[in-house]
Amino acid sequence: MSVAAESTAPAHASVTITNLHKSYGSVEVLKGINMTVEPGQVVCLIGPSGSGKSTLLRCVNMLETPNQGHIQVANHEVTDPDVDINALRQTIGMVFQQFNLFPHLSVLENCTVAQIKVLKRDKAQARDVALKNLAKVGLADKADRFPDQLSGGQQQRVAIARALSMDPQLMLFDEPTSALDPETVGDVLAIMRELADEGMTMLVVTHEMAFARDVADRVVFMDGGVVVEEGTSDQVIGNPQQPRTQDFLSRVLNPTGVGLEES
Amino acid sequence: MAISLRKKQQYSRWVQYALLIVLALVLIVVADWPTLIQQVFNPTIIADQFPEVLTVALKNTIIYTLLGFALGLTLGILLALMKISSVAPYRWLSTLYIELFRGLPALVVFLAFGYGIPLAFQVRFNSYVTVMLALGMVSAAYIAEVLRAGLQAVPKGQYEAARTLGMSHTRAMVTIIIPQAFRIVLPPLTNEVILLTKDSSLVYLLGMTVSQYELAKFGREGLSAAEAGLTPLVVAGFCYLIITIPLGLLARYFENKTKARSRK
């Protein structure tokens, strides 16, 4: 199976998750998840902490190994024990809550290292791709800086550029704005919105309800390792049917417990 | 009149400086300088030490240290990787080795390699091999722990980010984890080389010929000369400092350099 060879052909992948189970010891974190993401769709995973949404996301590129069930990305079985996971991961970009930029490499090198070492691109080409993506996140002028010279929001934008430089067919976002100062959250969300508009398939774990409401094609509410409710953002966020969803949303949207209901 | 707290702290500092100066003056006045120089810094005896203290003793100390460090670093890297391996028997072996060689006095290890093992197994090593084995195997235990701590000090997210970009385990270790770990371990690793330099003085236990004397042995042999006093040992001591002080400066230089690079 040559995943890398196809990475130029279909631009955006679908994701199909079937009956996914994951346990840590005796604690079952995911209790049979079924979910589909169509090519070009943006799906937001919301829910209380400990609900299993980050674990689910990390199963999609096998940072966590599920105990049971299947995940397909662009018709490749991620959960197949014989799959070349390194090749498959090249097509799946991931953005972490803590950025995880490589502190010993410059911003530019952060975006070129995997292109050169993994995709075997030559340095000039890798540099062009990296600068294009850095320009896209508005940080081309910071290419020669090191990560610890940047603000949190800038680091996260570099992390997005780093992932995009691999020309992924799918982007996973694991609470990308949770570690940011409030005033830098908007920049990161704006770039994610732009990606969504370009038709990137995105699976986003987030607490940003406004982003989920405005950008997501579908919203999935998880609690206790199961999908409690899913649908369009209007359905799930605007008019939730399940009591647990209603309870969660009222706490998130109105944390002080006073004021108007979300209209 | 009340004295402010800051004034009090100032006075207290002046009193401390004054005490130190008084102490130094007392030592200078009380010391029996002619005897002291005769016993410890005797110019004739100092001259007698050269050039052998450099051409033989210092050279041998450096050779023994380098031999020991070469084996210690190689074995240490192996042990550190075994210690963080997902294969349990590797971890057990590594732990066993480290606990054993870290727990035993270096003196005992030297005696074992010098006499115990040759007697028990009827083998006879070249003396340089014995030095390398004894120094290397002791330092490997410490170096392994330093390296393991360094590798584990690199946040787990770094490894995950590297793997997420499609890097293999080996590629992630070589390109992302080890360069970061190296920065972290450089200062403690320099410490290990300094300790190793001093431990090389135990080589005398193996019964060396004159041309194989290292600094400590050379200094002690020098004591038996007529009217030598302590001077030969003092000269040998200074020679150790010639090695260890630049090492410390080098470590600080590297530390500052890596810091400067990321703050440029």
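Mentor: Leu36(B) counts as partly exposed because its relative accessibility is 35%, where partly exposed lies between buried (under 20% relative accessible area) and exposed (over 50%), with a 1.4 Å probe and protein chains only. This is a predicted model, in which local features need pLDDT of at least 70, side-chain atom pairs count only at pLDDT 80 or more, and totals for chains, interfaces and linings use all residues. Residues are numbered from 1 along each chain as its sequence is written, chains are lettered from A and ligands numbered from 1 in the order in which they are written, and side-chain values use heavy atoms, leaving out hydrogens and water.

Trainee: Which helix is Leu36(B) found in?

Mentor: Leu36(B) belongs to helix α2 of chain B; helices are DSSP runs (H or I, at least four residues), numbered from the N terminus.

Trainee: Changing topic, how many salt bridges are there over all chains?

Mentor: The whole structure holds 16, each a side-chain nitrogen of Lys or Arg within 4 Å of a carboxyl oxygen of Asp or Glu.

Trainee: What does Lys83(B) meet in a salt bridge?

Mentor: Its partner is Glu145(B), at 3.6 Å from N to O. The pair links distant parts of the chain, 62 residues apart, with Lys83(B) in helix α4 (residues 52-83) and Glu145(B) in helix α7 of chain B.

Trainee: Is Glu145(B) buried or exposed?

Mentor: Glu145(B) counts as buried, because its relative accessibility is 16%. Shared partners join Lys83(B), Glu99(B), Arg102(B), Glu145(B) and Arg148(B) into one network of salt bridges.

Terms used: Helices (H or I, at least four residues) and strands (E, at least two) are DSSP runs, numbered from the N terminus.
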